[in-house]
Amino acid sequence: MPELTRRRFLQAASASATAVLVGPAIAGRPARAAAGSFLHGVASGDPLPDRVILWTRVTPPVNAPRSLSVQWVVATDPELRRVVARGHLSADATRDWTVKVDAGGLRPRTTYYYGFRSRGEESPVGRTRTAPAGAIDRIRLAVVTCGDFNRGLFHAYGRVAERNDLDAVVHLGDYIYEHGRQDRVRPHVPATELRTLPDYRARYASYRLDPHLAALHRNHPVIWVWDDHETANNAWSGGAGGHDPGQDGDYGLRKAAALGAALEWLPIRSPDPAAPERIYRRLSFGDLADLMMLDTRRIGRDKPEPGNVHDDYFRQVGAFVDPRRHLLGARQERWLTEQLRSSRATWKLIGNQVVFSPIKLIGAPDATGLSVYANPDQWDGYAPARDRIVAAIKGGPGGKPVGDVVFLTGDVHASFAFEVATDPNNPLAYDPTTGDGAIATELVAPSISSASDPGSIDPTDPPGAVERLALEADHALRLPNPHLKYIESKLNGYLLVDVDRERVRAEFWHVPFVGRPTDQQTMSKALLIPKGQARLADA
């Protein structure tokens, strides 16, 4: 979410009512410095029951040869003595000296350790975990999003890295930010807007030197999708609000550069090597949960319509109710519908970038047409597309209802929890006291650092002004949004999702500030989603 849009959103809602050491240590083993040939550490991702993606980058020496040989090893101990898989490959400049290995032949739900070797030097030792298979009783996922290097330190990544109770980390995008601002907590590298492949590569490289992000990757497998800032602000399939062709050049070239760098630097497994831009995919955690990771930005998203009230705020009329407009694109929309209908898992989790539930500044039943919505960049700006997903969950023509659906969402730099209802302001369709009429739930993770610290949006604000504004907005948003069960719009942090046979427990963890170092965190709210009931209850 753009900084100024966030501020206008709070104002409108209120008015309407560095070291380079990789740590922490793994299982008592001291953390090995990421240095020499492996300055950017190691990473793993996209775990399956029998395999996981392993990643590193070989730091090329001065006058590097055309390629460098890299050995990799997977073991069941952090000393890498009980080896279960090994191999070798080469790194070269065509992929920015990065390497990815799809290490197979592994056992389900097993912790493994891995490392790389090149030019006689060893990488840090990484820890990863394969996905479970068959009947299982519990998984725990951390959900993270929106880490702006310029706006704050990555404390929240560090707190996730320290946890030993996770099966995986779900990253919902805005892993990097493309702007070149230098005016906040720490400067971006390079110091300009990203437009070319070398630009994007350099930005990823600078982020991966952050010790907290390096530790996150070293300790947990990450399941990632992009949002908009991996390319340009407010991206859609054919352009971006933050891309000016006159200044930034051809968008297709910029989009290809951003894609190339992302696939080089993130430990993602492409579900279709013939179509590398397709990153939407499903990962399963036994019979307990299917995780469907969406792409709401690059594949099929039509250009967002501008708001038609003032600033970004709008009513759902005209183009906003055109059924031909897509957020996912026709092919991905069909894929999601098929995945929901075919899933036999107890829980269906949807990794989704932009908020699915309505967020209104003025609330009224849909039939009246009187509601005013906050942000056309979200699913609110594509109402018919959202209606089709809602219909699929409800069963649709000839289908069966899909139960126990939980949307996991990022993008907006705030913590929210919603009961997903077809018409949340219609008392005949939804009862906010009991949850009757709700068909799913939605958990929106706070940003890692992009919300900045309270008071830092405009340094000229009086002390406490932004905190008061956010508190007033939090309260004011509840009246027009009865399906909104939790909101915290000031703090950065992460979401923890604990899933078992009977419920999903959601914990919102926040860090007190990101403008200076801290190791503190607080669990601000815990909510329960009972199996078979699309409602949120205090834990």
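Visitor: In which sense do β24 and strand β25 pair?

Guide: This model is predicted. Strands of a sheet pair through backbone hydrogen bonds, either parallel or antiparallel. Strand β25 covers residues 522-530, and eight bridges link β24 to β25. One of the paired positions is Arg505, whose bridge partner in β25 is Leu528. The sense of the pairing of β24 with β25 is antiparallel.

Visitor: How many residues lie between β23 and β24 in their hairpin?

Guide: β23 and β24 are joined over eight bridges in the antiparallel sense. Within this pairing, Gly493 stands opposite His510 in β24. The number of residues between β23 and β24 in the hairpin is two.

Visitor: Why is β24 described as largely enclosed by the rest of the structure?

Guide: A residue counts as buried when its relative accessible area is under 20%. β24 is largely enclosed because, of its nine residues, the number that are buried is eight.

Visitor: Which strands stand at the edges of the open sheet of ten strands?

Guide: The order of this sheet is β5-β2-β1-β11-β10-β9-β23-β24-β25-β26, and its pairing is mixed. Each edge strand has a single partner strand, so one side of each is left without a neighbour in the sheet. The edge strands are β5 (98-103) and β26 (537-538).

Visitor: What angle does the direction of helix α2 make with that of β23?

Guide: Helix α2 (residues 155-162) packs on the sheet, where it touches β9, β10, β23 (492-500) and β24 (503-511). The direction of α2 makes with that of β23 an angle of about 30°.

Visitor: Why is α2 called roughly parallel to α4?

Guide: Two packed helices are described by the angle between their axes and the distance between the axes. The axes of α2 and helix α4 (residues 211-219) are 8 Å apart. Angles under 35 degrees count as roughly parallel. α2 is therefore roughly parallel to α4, as the angle between them is about 25°.

Visitor: How many charged residues does the contact of α2 with α4 have?

Guide: α2 contributes His155, Tyr157, Gly158, Arg159, Val160 and Ala161, while α4 contributes His212, Leu213, Ala215, Leu216 and Asn219. By class, this contact has six nonpolar and four polar residues, and the number of charged residues is one.

Visitor: What is the handedness of the crossing of α3 and α6?

Guide: Helix α3 (residues 197-207) and helix α6 (residues 251-265) pack with their axes 8 Å apart, at an angle of about 35°. Among the residues that meet are Leu197 and Tyr200 in α3, and Arg254 and Trp265 in α6. The crossing of α3 and α6 is right-handed.

Visitor: What is the average twist from one strand to the next in the open sheet of seven strands?

Guide: The strands of this sheet follow the order β14-β15-β16-β19-β21-β20-β22, with mixed pairing. At its edges are β14 (281-285) and β22 (484-488), each of which pairs on one side only. From one strand to the next, the twist averages 20°.

Visitor: Which residue in β19 is the bridge partner of Leu349?

Guide: Strand β16 (residues 347-352) runs parallel to strand β19 (residues 405-409), and five bridges join them. The bridge partner of Leu349 in β19 is Val406.

Methods
Residues are numbered from 1 along each chain as its sequence is written. This is a predicted model: local features need pLDDT of at least 70, side-chain atom pairs count only at pLDDT 80 or more; totals for chains, interfaces and linings use all residues. Side-chain values use heavy atoms; hydrogens and water are left out. Axes are lines fitted to C-alpha atoms, for helices over the stretch in contact, and angles run from 0 to 180 degrees between N-to-C directions. Helices (H or I, at least four residues) and strands (E, at least two) are DSSP runs, numbered from the N terminus. A crossing is left-handed if the near helix is turned anticlockwise from the far one by less than a right angle, and right-handed if clockwise. Contact means heavy atoms within 4.5 Å. Two strands pair if DSSP finds at least two bridges between them. Angles under 35 degrees count as roughly parallel, over 145 as roughly antiparallel, 65 to 115 as roughly perpendicular and the rest as oblique. Ala, Val, Leu, Ile, Met, Phe, Trp, Tyr, Cys and Pro count as nonpolar, Asp, Glu, Lys and Arg as charged, and the others, Gly among them, as polar. Buried means under 20% relative accessible area, exposed over 50%, partly exposed in between (1.4 Å probe, protein chains only).
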